[in-house]
Amino acid sequence: MKTGQQTSGIELRIESVSKRYGTRQVLQDVNLSVGQGRFLAVVGRSGSGKSTLLRLLAGLDRHDQGRIWLDDRAVGDARSDTRIMYQDARLLPWQTVADNVALGLKGRRSDIRRTAIESLDQVGLADRADEWPSVLSGGQRQRVALARALAHRPRLLLLDEPLGALDALTRIEMQQLIETLWKVHRFTAVLVTHDVAEAIALADRVILIDQKRIAFDLDIELTRPRLRGHAACADLEGRVLSRLLTRGSTQTDVQAA
Amino acid sequence: MLSGVHDRIEAEVASEAAVTQARPSLWQRVADSRLAPWLVPLALLALWQVAASAGWLSTRVAPSPIAVVRAAWELIRSGEIFVHLWASFVRALIGFLIGGVIGLALGFLNGGFKVCERLLDTTIQMVRNVPHLSLIPLVILWFGIDEAGKLFLVALGTLFPVYLNTFHGIRSVDPALIEMGRSYGLSNWQLFKRVILPGAMPSILVGVRFALGFMWLTLIVAETISASSGIGYMAMTAREFMQTDVVVVAILLYALLGKLADTASRLLERRLLRWNPAFQ
């Protein structure tokens with residue numbers, strides 16, 4: 001039953017979605033559709049609503065208006081084919097690495113264990129299976145969190161700035177790991193990040209969320225693996241950044257007025 | 001000339017430093033040794049013995065340490081001490097189990113459900129602020145001098161520390177972990193078992209240690225007031241016969257039992273919190 005589902009990612013459709021927290025409008029009339037197995041990156045300033053969009057997709061928060069379709073089902077509570085990775089690893093400190101990865105898996109104990117070890121193996125941490133999370137480094141914890149998400153064979157992987165707290169080198173390693181695993185498993189990926197270079201290195205398509213809407217939508221057609229620092233990457237990065245910065249200045253004007 | 005003097009002083013200082021490094025002074029070695037924490041108690045004990053032997057200290061005030069040891073030996077030989085120890089131990093255990101389970105259950109309920117907290121917490125706080133030992137006259141009226149009264153008091157004394165710390169523990173579980181658990185499809189029971197309970201455990205165990213302290217305190221008072229067995233009873237009968245040595249034995253037994261309870265809870269902490277670097 002598993003193999004049939006894992007081969008393709010979820011198709012995502014967002015139709016005029018709005019969300020407000022209290023009196024603050026965070027998203028307004030957002031439309032977006034993402035094909036199966038695509039890699040979408042969402043960039044924006046902090047507080048721009050990009051993480052909110054991800055939480056709506058994960059079913060962690062409810063949108064006020066509009067519709068969100070995952071394949072042909074409306075988004076609901078926790079779904080077994082959608083997994084989210086947070087900025088902090090959120091490992092349970094009182095469970096071993098393997099038990100953390102096995103969280104929420106169903107089936108026989110030995111099967112669960114095997115799935116967890118396989119998943120850890122993919123991120124190169126199978127040998128740390130029986131250790132406590134407290135002895136791992138920040139990068140290793142994020143890899144365990146990635147293994148935990150992948151153990152469920154998700155068809156939609158939501159990444160909420162998962163690399164934001166890592167040092168530059170570990171970041172690049174993690175980006176390559178995510179890209180590799182994405183290519184193997186063909187899930188649909190949505191990455192929220194404030195790092196434009198990261199978005200361009202990983203994604204097929206980058207959208208910029210600003211002032212509650214999608215302000216910019218850019219397909220990235222560079223070949224993979226993408227070389228960091230390559231002229232084409234730098235060019236695209238410049239375009240997105242300049243867009244972000246001009247938007248930012250008008251925003252400040254509005255706030256000042 | 002002057003510079004020569006300076007040189008000499010520096011040389012002396014240097015050689016002194018070398019000596020202390022090579023061979024620590026006697027004082028330093030004593031302070032570093034494993035016996036160091038016991039020196040003061042031992043000295044006090046010796047002083048006490050001397051004072052008692054010399055007759056400066058009346059046996060009505062305090063028996064000599066040797067007399068205490070002798071009394072303890074007598075009680076052990078006759079087997080009397082074990083009867084009382086057992087009686088106290090069973091009371092402590094049953095009372096603590098009743099109080100602990102109720103405290104834990106209330107803590108889970110009020111920590112987990114806002115409705116329960118609204119309904120129950122104020123009441124619990126009011127009852128908590130009544131010193132439970134002030135209920136002794138009532139307890140004697142209700143239960144007589146039976147076992148039930150003592151168990152009631154011990155249970156009441158241990159309930160609140162367990163309740164407060166369980167409640168606090170549940171409330172302070174990282175909401176990010178709970179959200180993660182939910183999004184990973186955990187059922188309510190799994191969420192409780194794998195996220196909330198272990199997250200609250202450090203706090204619950206602090207409550208248990210407080211409760212163990214209250215357990216002995218309550219038991220001592222309850223047994224000295226009304227009992228026909230137990231360490232407190234042993235101490236009270238000894239008082240009537242002016243056997244200060246037996247009274248001191250009883251006090252030492254409480255100290256020993258308290259220490260044992262504390263050690264047990266430490267072992268429990270080390271076992272249940274072995275994931276936490278602070279307890280490894």
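Predicted model: local features only at pLDDT ≥ 70, side-chain atom pairs only at ≥ 80, totals over all residues.
Residues are numbered from 1 along each chain as its sequence is written, while chains are lettered from A and ligands numbered from 1 in the order in which they are written.

Let us stay with A:A149. The residue is found in helix α5 (residues 138-150) of chain A; helices (H or I, at least four residues) and strands (E, at least two) are DSSP runs, numbered from the N terminus. Which residues does A:A149 contact, leaving aside its neighbours within four places in sequence? They are A:R83, A:M85, A:P154 and A:L157, where contact means that the C-beta atoms, placed from the backbone, lie within 7 Å. A:R83 is 66 residues from A:A149 in sequence, yet 5.6 Å away in space, C-alpha to C-alpha.

A:R83 belongs to strand β6 (residues 82-85) of chain A, where A:R83 and A:M85 point one way and A:T82 and A:I84 the other, all of them buried. This strand pairs in the parallel sense with strand β7 (residues 156-160) of chain A, over 4 bridges; strands are said to pair if DSSP finds at least two bridges between them. Within β7(A), A:L157 is the bridge partner of A:R83.

I turn to the sheet of chain A. Four strands, in the order β2-β1-β4-β5, form an open sheet with antiparallel pairing. β2 (24-34) and β5 (73-74) stand at its edges with a single partner strand each, so one side of each has no neighbour in the sheet. Inside the sheet, β1 (residues 12-21) and β4 (residues 65-70) are joined by 5 bridges, and A:L12 has A:L70 as its bridge partner in β4(A). Helix α2 (residues 50-58) of chain A lies across β1, β2 and β4, at about 65° to β2(A). For such angles, axes are lines fitted to C-alpha atoms, for helices over the stretch in contact, and the values run from 0 to 180 degrees between N-to-C directions.

Next, the domains, whose bounds come from an automatic or database domain assignment. Chain A has domain 1 (2-81 + 155-256) and domain 2 (91-152), with centres 25 Å apart over C-alpha atoms. Between them, 12 residues of domain 1 of chain A are in contact with 9 residues of domain 2 of chain A. Helix α6 (residues 168-185) of chain A gives the most to the domain 1 side, with 6 residues. In chain B, domain 1 (1-31) and domain 2 (66-279) have C-alpha centres that lie 56 Å apart.

Finally, a helix pair. Two packed helices are described by the angle between their axes and the distance between the axes. In chain B, helix α5 (residues 80-112) and helix α8 (residues 147-171) pack at about 35°, with axes 6 Å apart.

Thank you for your attention.

Terms used:
Contact = placed C-beta atoms within 7 Å. Buried ≥ 20, exposed ≤ 12 C-beta atoms within 10 Å, placed from the backbone.
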